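Subject: A structure for you to look at

Hello,

Here is the structure I promised to pass on to you. Please open it beside this email, and then read on for what was found in it.

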Amino acid sequence: MFAKEGILCLRRAKRRNLDRLAVATGGQIVMSLEDLVPEVLGHAGSVKVVSFDGADEDAKYTFVEDCPNAQSCTLLLQGP
């Protein structure tokens with residue numbers, strides 16, 4: 001339902017990561033559908049979920065890119 005409208009919803013994410021995403025995207029963390037209004041939504045240019053060959057099959061990484069307030073980056077190194 002949300003993905004169809006271009007809205008990212010995260011489940012079981014660490015609070016620290018949620019806080020960082022809220023700052024980077026300019027959005028607010030919402031815990032209830034009643035609190036979901038356009039004013040709390042942030043923006044990102046793209047969101048991708050990726051898993052890598054050789055990684056634990058449950059290991060998926062979410063890349064949120066082109067955020068208006070980005071203040072950090074992640075460097076992911078994969079060995080042979």
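A word on terms before we start: helices and strands here are DSSP runs, a helix having at least four residues and a strand at least two, and they are numbered from the N terminus. Please also keep in mind that this is a predicted model.

With that in hand, the overall layout is quick to describe. The protein chain holds one helix and two strands, and from the N terminus on they come in the order α-β-β. Along the principal axes, the C-alpha atoms fill a box of roughly 45 × 25 × 25 Å. Of the 80 residues in the protein chain, 10% are buried. The chain exposes about 7,000 Å², and 51% of that comes from carbon and sulfur atoms. Among contacts with a separation of 6 or more, 30% are between residues 24 or more positions apart.

Now to the helix. Which residues of α1 are buried? They are L18, A22, A24 and T25. Because these residues cover an arc of only 170 degrees around the axis, they sit on the same side of α1. What do the buried residues of α1 pack against? Their partner is β2.

Is D66 buried or exposed? With a relative accessible area of 61%, D66 is exposed, because the cut-off for that class is over 50%.

Last, the surface. L8, L10 and V47 together form a nonpolar patch there, with about 230 Å² of accessible area among the three. One of them, L8, is found in the segment before α1, the helix that covers 15–25. The relative accessibility of L8 is 39%, so L8 counts as partly exposed; that class lies between the buried cut-off of under 20% and the exposed cut-off of over 50%.

Enjoy exploring, and write back with any questions.

Best wishes

Notes. Residues are numbered from 1 along each chain as its sequence is written. This is a predicted model: local features need pLDDT of at least 70, side-chain atom pairs count only at pLDDT 80 or more; totals for chains, interfaces and linings use all residues. Side-chain values use heavy atoms; hydrogens and water are left out. Patches are made of residues with over 30% relative accessible area and no salt bridge: like charges are joined within 9 Å, nonpolar side chains (Val, Leu, Ile, Met, Phe, Trp, Tyr) within 5 Å. Accessible areas come from the Shrake-Rupley method with a 1.4 Å probe; for residues, only the protein chains shown count as cover. A salt bridge is a side-chain nitrogen of Lys or Arg within 4 Å of a carboxyl oxygen of Asp or Glu. Buried means under 20% relative accessible area, exposed over 50%, partly exposed in between (1.4 Å probe, protein chains only). The arc is that of the directions from the helix axis to the C-beta atoms. Contact means heavy atoms within 4.5 Å.
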